[in-house]
Amino acid sequence: LGQFSADMRQYFDLTGRLLGYEFIDLTPDLQAAAREIDSDKLLYFPTNLHLTQMGHEVISSRLLKVLPRELK
């Protein structure tokens with residue numbers, strides 16, 4: 001799955017450039033957060049893989065750093 005993830009992120013990055021949008025890869029931020037948080041806290045719900053509140057916080061923190069000010 002690691003290689004599949006890397007391949008898909010590379011595809012979205014390349015396709016985004018070809019279509020004129022920027023792909024923001026949140027995978028490294030989520031992976032770092034998963035290593036740092038307590039084991040009883042989750043970024044995703046295990047039953048449906050939707051983000052938990054903590055997962056949303058990780059993503060919003062990253063997006064606040066990279067999105068232009070006028071979009072915030």
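**Entry 1: salt bridges**

I began with Asp29, which forms a salt bridge with Arg62, the closest N and O atoms being 3.3 Å apart. This pair links distant parts of the chain, with Asp29 in helix 2 and Arg62 in helix 3, 33 residues apart. I took a salt bridge to be a side-chain nitrogen of Lys or Arg within 4 Å of a carboxyl oxygen of Asp or Glu. Helices are DSSP runs of H or I with at least four residues, numbered from the N terminus.

I note that the model is predicted: local features need pLDDT of at least 70, side-chain atom pairs count only at pLDDT 80 or more, and totals for chains, interfaces and linings use all residues. Residues are numbered from 1 along each chain as its sequence is written, and side-chain values use heavy atoms, with hydrogens and water left out.

I then looked up the accessibility of both partners. Asp29 counts as partly exposed at 26% relative accessibility, and Arg62 is partly exposed with a relative accessible area of 27%. The classes are buried under 20% relative accessible area, exposed over 50%, and partly exposed in between (1.4 Å probe, protein chains only).

How many salt bridges does the structure hold? I found three.

Another of them joins the side chains of Asp25 and Arg9, at 2.9 Å from N to O. Here too the pair links distant parts of the chain: Asp25 lies in the loop between helix 1 and helix 2, Arg9 lies in helix 1, and 16 residues separate them. Asp25 is partly exposed, with a relative accessible area of 22%; Arg9 also counts as partly exposed, at 22% relative accessibility.

The side chains of Asp13 and Arg17 meet in a salt bridge at 2.7 Å, N to O. Both residues lie in helix 1, four residues apart, about one turn of the helix. I recorded Asp13 as partly exposed at 28% relative accessibility and Arg17 as exposed at 56%.

**Entry 2: helix 1 and what follows**

Helix 1 has 18 residues and reaches 26 Å from its first C-alpha to its last, close to the 26 Å expected at 1.5 Å a residue. The expected span is 1.5 Å times one less than the number of residues. Just after helix 1, Gly20 takes a positive phi of about 90°.

I next looked up a nonpolar surface patch formed by Tyr11, Phe12, Leu14, Leu18, Leu19 and Tyr21, with about 660 Å² of accessible area together. Patch members have over 30% relative accessible area and no salt bridge; like charges are joined within 9 Å, nonpolar side chains (Val, Leu, Ile, Met, Phe, Trp, Tyr) within 5 Å. Areas come from the Shrake-Rupley method with a 1.4 Å probe. Tyr21 lies in the loop between helix 1 (2-19) and helix 2 and is partly exposed, at 38% relative accessible area.

**Entry 3: core**

Which residues make up the largest nonpolar core? I listed six: Leu26, Leu30, Ala33, Leu43, Val58 and Ile59. The elements giving two or more residues to this core are helix 2 (27-36) and helix 3 (53-66). A nonpolar core is a set of buried Ala, Val, Leu, Ile, Met, Phe, Trp, Tyr and Cys residues joined through side-chain atoms within 4.5 Å.

Leaving aside neighbours within four places in sequence, Val58 is in contact (heavy atoms within 4.5 Å) with Asp29, Leu30, Ala33 and Leu43.

**Entry 4: Leu49**

Leu49 is placed in the loop between helix 2 and helix 3. Phi of Leu49 is near 60°, a positive value in a residue other than glycine. Leu49 counts as exposed, at 63% relative accessibility.
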